[in-house]
Amino acid sequence: MNRRTLLKAAAAAGGAIALPSARAQPAPSSAAKRPPVWLDLDQKALDDAYDQSVWAANTKQVLGRYAVLSDDVRTRLGTPQRFSYGATPVEALDVYRAPNGAGAGAPIQIFVHGGAWHSGTAKEWAFPADMFVHRGAHFVVPDFVSVTDARGNLFAMAEQVRSAIAWTYRNVERFGGDRERIFLSGHSSGAHLAGVALTTDWKRLGLPADLVKGGVLLSGMYDLRPVRLSARSRYVHFDDATEEALSPQRHLERLRARVVVAYASLDSPEFQRQSRDFAAAVKTAGKPVDLLVARGYNHFEAPETLGNPYGLLGRAALAQMGLG
């Protein structure tokens, strides 16, 4: 007897026959549910939220392309000037100088690269230099210790980034920059470190409180509480002091620069939330901020727009610098 015959028989009998459904699924077992660790995320979901390779399948290809593009930039612009800003070999920065006609007193864009705090070099992140140099700005990319080489000490990274910025301010005469026009940008963990720099008490270091005039932060982390709870704690030594001191969102009273906060529409939802919450907190604090979304880009593709004068972040950075 087929299904149609069975239904007719049931109707004639005035009754109902229970038929198996192809869509029926067993009820989820309560034992399969994991307790939330952060918001509604369990441990695996939180770990995935702070692992961008889960969300961007082309990570290796994009980062490889950036390295090639950076080599191409050096072919066109020449080898950058390399300056030491600290005592260890890694504490050095590359300066791609604006042309001679624009170099005297030219504005400065300092870019802090990402890499989950444990990878990346200045050499691999030179590709935006082309745009800034040809628009009349110096482009500076510092190297700094990885958190793994620092034995998990995130303070060491933050201090080196601060030192690179302070060195740039104090030594602009060595490459013809304007210390009154220093701007900062960063991506991912580099956006976190740039956010720490933007909320630094520079006066404590004998420098102007408004040393940095503007910041462009892409897909960063601005409150370390959920990051501390994630798998990143396996190689970063998080404690209460680190979480508090290095969460930029908790120190907005020190923010003196206008900030552009951006994220990619294909970032992990947690990275998107971090950016939205940080921008909202800056606005609530009464500080100038713009929130931008790089639509159609993933976490690793979005930095491409920083090296394009018509790209989302390129336009924003040039406008901040008065070079748009």
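Student: In which hand does helix 6 pass helix 7, left or right?
Tutor: The crossing of helix 6 with helix 7 is right-handed, meaning that the near helix is turned clockwise from the far one by less than a right angle. Keep in mind that this is a predicted model, where local features need pLDDT of at least 70, side-chain atom pairs count only at pLDDT 80 or more, and totals for chains, interfaces and linings use all residues. Residues are numbered from 1 along each chain as its sequence is written, and side-chain values use heavy atoms, with hydrogens and water left out.

Student: Which residues meet there?
Tutor: Leu154, Met157, Ala158, Val161, Arg162 and Ile165 of helix 6 are in contact with His192, Leu193, Val196 and Ala197 of helix 7 (contact is heavy atoms within 4.5 Å). Those residues divide into 8 nonpolar, 1 polar and 1 charged.

Student: New topic: what's the strand order in the sheet?
Tutor: The 8 strands run 1-2-4-3-5-6-7-8 in an open sheet with mixed pairing (two strands pair if DSSP finds at least two bridges between them).

Student: And which strands stand at the edges?
Tutor: Strand 1 (81–84) and strand 8 (289–294) do; each has a single partner strand, so one side of each is left without a neighbour in the sheet.

Student: How many bridges join strand 5 to strand 6?
Tutor: There are 5, and strand 5 (residues 177–187) and strand 6 (residues 214–218) run parallel. For instance, glycine 186 has leucine 217 in strand 6 as its bridge partner.

Methods
Helices (H or I, at least four residues) and strands (E, at least two) are DSSP runs, numbered from the N terminus. Ala, Val, Leu, Ile, Met, Phe, Trp, Tyr, Cys and Pro count as nonpolar, Asp, Glu, Lys and Arg as charged, and the others, Gly among them, as polar.
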